[in-house]
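Hi everyone, thanks for coming. Please have a look at the sequence and the model on the screen, and I'll talk you through a couple of places in it.

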Amino acid sequence: MLFDNRKFMKRIILTLILFLCSSTLIFAQASNTVSSITFGEITDGNPVDVKVSLINSLSVSRVQIVYKSFQETEVRVREMEILGDIAVYQIAGEDVSAPILTYYLIIEMKDGNSETYPLGVPEAAQPIDLTVSSKSEKDEEVLILSPSSNETLSLSELFISISMVKASDNVDISKTKIILNGEDVTSNVLFAGELLLYYPQNFEGSLESGKQSLEIEVYDKDGTLYHTMKRDFVTVDGAVAMDLGRGLRYSGNAAGEVRNELFNGKNTLYNNLALTLNARVGDWRFKGYGYITSEENVDVQPQNRYSVSVSSDWLNLRGGDSYPRYNNLLLNGKRVRGVDGKIDYGVFQLQGSYGQVRREVKGNLLETYAEDDAPLLTNVVRIDSIKYGSPFGKVDFGIYSRDLLSGRIGLGSKNGFEFGVSFLHAKDDVNSVEFGAKPEENLVTSADLRWAIDDQNIIIKGITAVSIINSDITSGTYSDEQIDSIFASGNDIGSDAENFKNIKNMISPFFTVNQFIEPLNFTELSSLAAEGSIELNYFNNNLKGSYIYRGSQFKSFGQEYTRTDIAGLNITDRFRTLDNQLFFSVGYENLNDNLQGTKMATTTYQTLRASASLFMRADIPNITLSYIRNQNRNGIELTDTLNRISSVDDITNRFSLNFGYDFKFSVRHNSSLSFSTSNREDDSYYNNDSKYFSTSFTLNSYWTKTLVSNFSVIYYNSEITTVQYKYVTIMAGGRYRLMNDDLELSFNYSPSFGDFNRHAVDLVASYQVIQNLWLRAQMRYYNMPDTGTNTISGMTLRYSF
């Protein structure tokens, strides 16, 4: 018997890799509010679903995800939707590009405090880098004829059909493996030349209803893995998928949850109910969704969620809670409770949204004062003396409700030339609360352009927007006489009075005009925001140049996290080769603030980026190495004793190295190993030097169809002005299915040691009582020094139909 030295050496190397990785203290994240974060598959140009599990959701008021791709100039800040103890968001496909997607979270608490995930971003820690896999030209060689991606079909109709007619001559079709839900079913597949067919219902162990995962492994004539394709789809039983009338199909699920959280010695009981309905007739799709929770409270923003929608190839209408997307300057992903619709018919597009983006929260009168006794405090205001017996009162300010109206008209096609104009008008209801601070109003007009030339190889984009904001509309629109009384005549200020009247006459029919309107002078471009780019895709190169401008007074209530008072250039180039398996990316950015000359000095922000990525897809780990250098300066020297406290002069160098490896060593595994380090040298007055190092290792092992284990280990070390913060975290657990997959048990244990000290244990049991009816029990235990022993326990009943 001949001994295969090559295979033997491969097994030895794999063993050493596992041993060395498992013996290293490596990076992950610690948090007082986040238990875990789950990302869907991250591929170039495809949307990504994000789910954040919260430790104590009662204390959290808002979760925001901040992200950007490696080539982008600006980060995107998006609000996540909180549903019970999870927060969810879908990152748009246009925001996802290889090789890296960088993100972190901002968690705002109801007591006014906030924290980031990872802790300390950006001062004491760095955002998290996620590897973005690229599309392969080999994807075109394997055609999955059935089922379609994310298709819903009945179990009786399910068959898997794969065409290899376009496969390379080097491919051995007979060696192809078909894996369904982690189980190799190749022995039951019919190989008919270049066509592969599989009918699951013809074999024992037939599929259950629900989400299904199909994986196709293609091998060359030497038996080496050539390419892998994956596809997800959904199956339902015959009763659900039966035809009613002319092809009506429907499905849905209902879930009820009872959960108790013991946190810092306080018990809180939650009751949640969720219902989802889906139906389809021909090309028309209908969806209804409702989520009702005991957390609903008139003193905070809405926690319940509901919506109904109807859509087709050219129409999309939604009522209830929606998250309309226009452009990144106007409105993108903000929750609107009302109506939202879009028509996309040939070269004509029409979109409109109207509803409430903020609910009123009543204020409280704390104390009353006589006119002579009223203190000079910001929350002491004039009140109704007849109603309350005194002219002044100390109040706890409430929050005005805010309505938003937005629309867009567009002409053209994304495959060629497209142009659109849009607007947004948002206004606080001054009558919604009695004790409010200052009701505001905002108007934004925008235009967008996209021109694709030479089969998308040249893409020109442009967006511009102009905003007006009124920071106090209490007094309403001023008359000409009131304007004259405010502005003195016969001097330089008097000329402003005439400009103000002109502005009022132009926009007062649909906007409140008084002395609180900004800007007063549009020629300074302080309320202008614009961005333009040109992208060239030739010779395996993606070269992009862009320019941004954000005036210091630009503001959109539909996109409240836009960075303002900044302008400059960004140039990036991404070169790909070896069938999109090797990437090189470089980029340079030069921005500056103080566009309207309102600051003491102008700060220049320069960023240099470079990365190299290898995605071999078989036998060799995916590797991404990146370097980022940030330099910020405003020219104020330390020798300037008057202004040196405002000096900015720092340089940050950041390196990261990421490995990802899917391999088979006795069983199938997928693993990741990452290193990240940064060093900030601050030569400003405050001398806030900082150092940061982290490393992480994760290993998921698929021992059998029913048993999956996960393991990760963490090391984190940061130092800011000689103050050190470091910890180690270990996470281990698994999932096991038994009783013909009717019972699923999962366990995870995660202790943290060092400056962050926490022990967490998660136990989950799910049991299928009858077909499609699942009962889930959860117990989470975690211990932290400041809060003692805390638990989350609950039961969930879910039925799919």
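This is a predicted model: local features need pLDDT of at least 70, side-chain atom pairs count only at pLDDT 80 or more; totals for chains, interfaces and linings use all residues.

Residues are numbered from 1 along each chain as its sequence is written, and side-chain values use heavy atoms, with hydrogens and water left out.

So, the sheet. Four strands make an open, antiparallel sheet, in the order β1-β2-β6-β5. Strands here are DSSP runs of E, at least two residues, numbered from the N terminus, and two of them pair if DSSP finds at least two bridges between them. β1 (34–39) and β5 (81–83) are at the edges with a single partner strand each, so one side of each has no neighbour in the sheet.

Further in, β2 (residues 48–54) and β6 (residues 86–91) run antiparallel and are joined by six bridges. Which residue of β6 stands opposite valine 50? That's tyrosine 89.

Now the surface. Val347, Phe348, Leu350, Ile409, Leu411, Phe417, Phe419, Val421 and Trp451 form a nonpolar patch with about 820 Å² of accessible area together. Patch residues have over 30% relative accessible area and no salt bridge (a Lys or Arg side-chain nitrogen within 4 Å of an Asp or Glu carboxyl oxygen), and nonpolar side chains are joined within 5 Å. Areas are Shrake-Rupley, with a 1.4 Å probe. β30 gives the largest share, three residues.

Finally, isoleucine 409 sits in strand β29. Its relative accessibility is 46%, so isoleucine 409 counts as partly exposed, between buried (under 20%) and exposed (over 50%).

Conventions
Patches are made of residues with over 30% relative accessible area and no salt bridge: like charges are joined within 9 Å, nonpolar side chains (Val, Leu, Ile, Met, Phe, Trp, Tyr) within 5 Å. Buried means under 20% relative accessible area, exposed over 50%, partly exposed in between (1.4 Å probe, protein chains only).
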